[in-house]
Amino acid sequence: MQTTAAALTMVRDDAFFLDKWLAYYGEMFGRENCYVINHGRGETVARMAEGCNVIGLPGDPDPNFERKRWRLLNRMVEGLLGYYAHVVVGDVDEIVVMDPETGHTLLSWLKGKARRRVYTPVGLDVFHRIDREDAPVGDHVIGPRRHVKLLPYHSKPCVLGRPAQLSRGGHYAKAENLNAPEGMYLLHLKFCDFAQYVAAMDRRNRVIEEIGVGVKETSIGRHWFAEARGEDRAVFEAFAQLEEREGFDLAWLRRDMAKSWKPRGETGFWQFDRPDYGVQYRLPERFDGIV
């Protein structure tokens with residue numbers, strides 16, 4: 001029985017992303033070490049997550065659900081760290097991976113690390129180049145999709161070896177030291193497939209309609225609201241306009257993160273600058289099939 005790492009997420013109806021999350025963490029960590037909070041007690045989620053530790057919660061419309069969600073996740077991380085050396089926590093469309101060039105999986109890498117650190121993988125937005133990528137996403141995302149955008153906003157402190165309160169959304173932590181290991185990445189899958197994106201946004205817009213409040217009256221992110229959605233195809237067509245860079249050496253980005261590391265005002269959280277670099281890379285073939 002491994003106690004090196006557990007994975008924790010909260011999900012409501014996102015079967016496509018849950019399938020990828022379970023395939024990755026369930027196989028690597030073991031399903032018995034995966035914790036799935038089933039918001040709304042969906043039958044599909046319960047069935048898919050069989051063998052994991054599933055916690056069902058009421059799914060009544062609530063303008064404060066995002067704040068409540070992260071309060072719960074923080075407390076669960078703290079509790080789980082009494083039994084595991086590390087806990088990986090985040091949204092169901094986020095997967096933390098190690099570059100295969102390191103010779104490690106995430107689990108084998110963590111086995112060699114001391115506890116009491118918070119790790120921040122570099123965030124990469126995996127997106128569907130609809131002008132180039134015709135193959136559908138099947139069992140694996142990477143392969144059919146290989147284009148990524150730098151996403152500092154999703155470079156999250158999501159691998160925790162000690163309790164460190166995370167902000168709403170998990171973007172910041174109360175951790176004074178920045179640990180952004182070479183070869184560790186957070187793959188954000190929201191845009192990895194055009195059809196799945198449309199379906200997911202439809203679901204989120206319906207949730208907002210059920211809650212029945214405006215963006216200023218809730219802790220829910222603006223991106224859940226129909227008025228902030230824009231035209232779906234235009235969103236994906238715009239990816240082609242990003243500057244394309246050769247190679248895949250992101251050491252410069254980690255240096256930028258370290259140089260701008262500072263307290264986030266008087267909140268107790270810490271942060272680095274999160275500019276929109278407006279650049280894209282193509283993941284090397286060694287990443288194929290990793291998710």
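Visitor: Is G56 buried, partly exposed or exposed?

Guide: The relative accessible area of G56 is 33%, so this residue is partly exposed. Leaving aside neighbours within four places in sequence, G56 is in contact with N38 and R41. The C-alpha atoms of G56 and G40 lie 6.9 Å apart in space, although 16 residues separate the two in sequence.

Visitor: What is the place of H39, and which residues does H39 touch?

Guide: H39 has its place in strand β2, which covers residues 34–39. Its relative accessibility is 13%; because buried means under 20%, H39 counts as buried. Not counting residues up to four places away in sequence, H39 touches M10, V11, R12, L57, P58, G59 and F65.

Visitor: How should I approach the interior?

Guide: In soluble globular proteins, nonpolar side chains tend to be buried together. Here the largest nonpolar core has 54 residues, and those with the most contacts inside it are W21, Y25, L106 and L124. Helix α1, residues 15–29, supplies the largest share of this core, eight residues. A second, separate core has 20 residues, including M10, Y35, I37 and V89.

Visitor: Which residues does L124 touch?

Guide: Not counting residues up to four places away in sequence, L124 touches a set of residues that includes V148, L150, Y185, L187, F248, L250 and L283. Among the others are K149 and H188.

Visitor: How does one find empty space inside a model?

Guide: Rolling a probe the size of a water molecule over the atoms shows where empty space is left. In this model the count comes to two cavities of 30 Å³ or more. The largest cavity has a volume of about 80 Å³. It is lined by 15 residues, of which T120, P157, A173, W261 and W270 are the closest to its centre. By class, this lining divides into nine nonpolar, five polar and one charged.

Visitor: Which residues lie closest to the centre of the second largest cavity?

Guide: They are Y25, V88, V89, G90 and E94, out of 13 lining residues. Two or more residues of this lining come from each of β1 (5–11), α1, β4 (86–89) and β5 (94–98). The largest share, three residues, comes from β5. The second largest cavity holds about 60 Å³ of space, and its lining has ten nonpolar, one polar and two charged residues.

Visitor: What lines the second largest pocket?

Guide: Its lining has 16 residues, and A23, Y24, E27, G289 and I290 lie nearest its centre. α1 gives the most to this lining, with six residues. The lining comprises eight nonpolar, four polar and four charged residues. About 300 Å³ of space lies in this second largest pocket.

Visitor: Finally, how should I read the predictor's confidence?

Guide: Where pLDDT is low, the predicted coordinates should not be read in detail. The mean pLDDT of this chain is 91, and 91% of its residues reach 70 or more. Over residues 214–226, however, the pLDDT is below 50; this stretch has 33 contacts in the model beyond near neighbours in sequence.

Methods
Residues are numbered from 1 along each chain as its sequence is written. Side-chain values use heavy atoms; hydrogens and water are left out. Helices (H or I, at least four residues) and strands (E, at least two) are DSSP runs, numbered from the N terminus. Buried means under 20% relative accessible area, exposed over 50%, partly exposed in between (1.4 Å probe, protein chains only). Contact means heavy atoms within 4.5 Å. A nonpolar core is a set of buried Ala, Val, Leu, Ile, Met, Phe, Trp, Tyr and Cys residues joined through side-chain atoms within 4.5 Å. On a 1 Å grid over the protein atoms alone, a cavity is a set of points where a 1.4 Å probe fits but cannot get out, and a pocket is an open set with protein on both sides within 12 Å along at least five of seven lines; lining residues have an atom within 4 Å of a point. Grid points are joined across faces, edges and corners, and a volume is the space filled by probe spheres set on the points. Ala, Val, Leu, Ile, Met, Phe, Trp, Tyr, Cys and Pro count as nonpolar, Asp, Glu, Lys and Arg as charged, and the others, Gly among them, as polar. pLDDT is the predictor's confidence in each residue, from 0 to 100.
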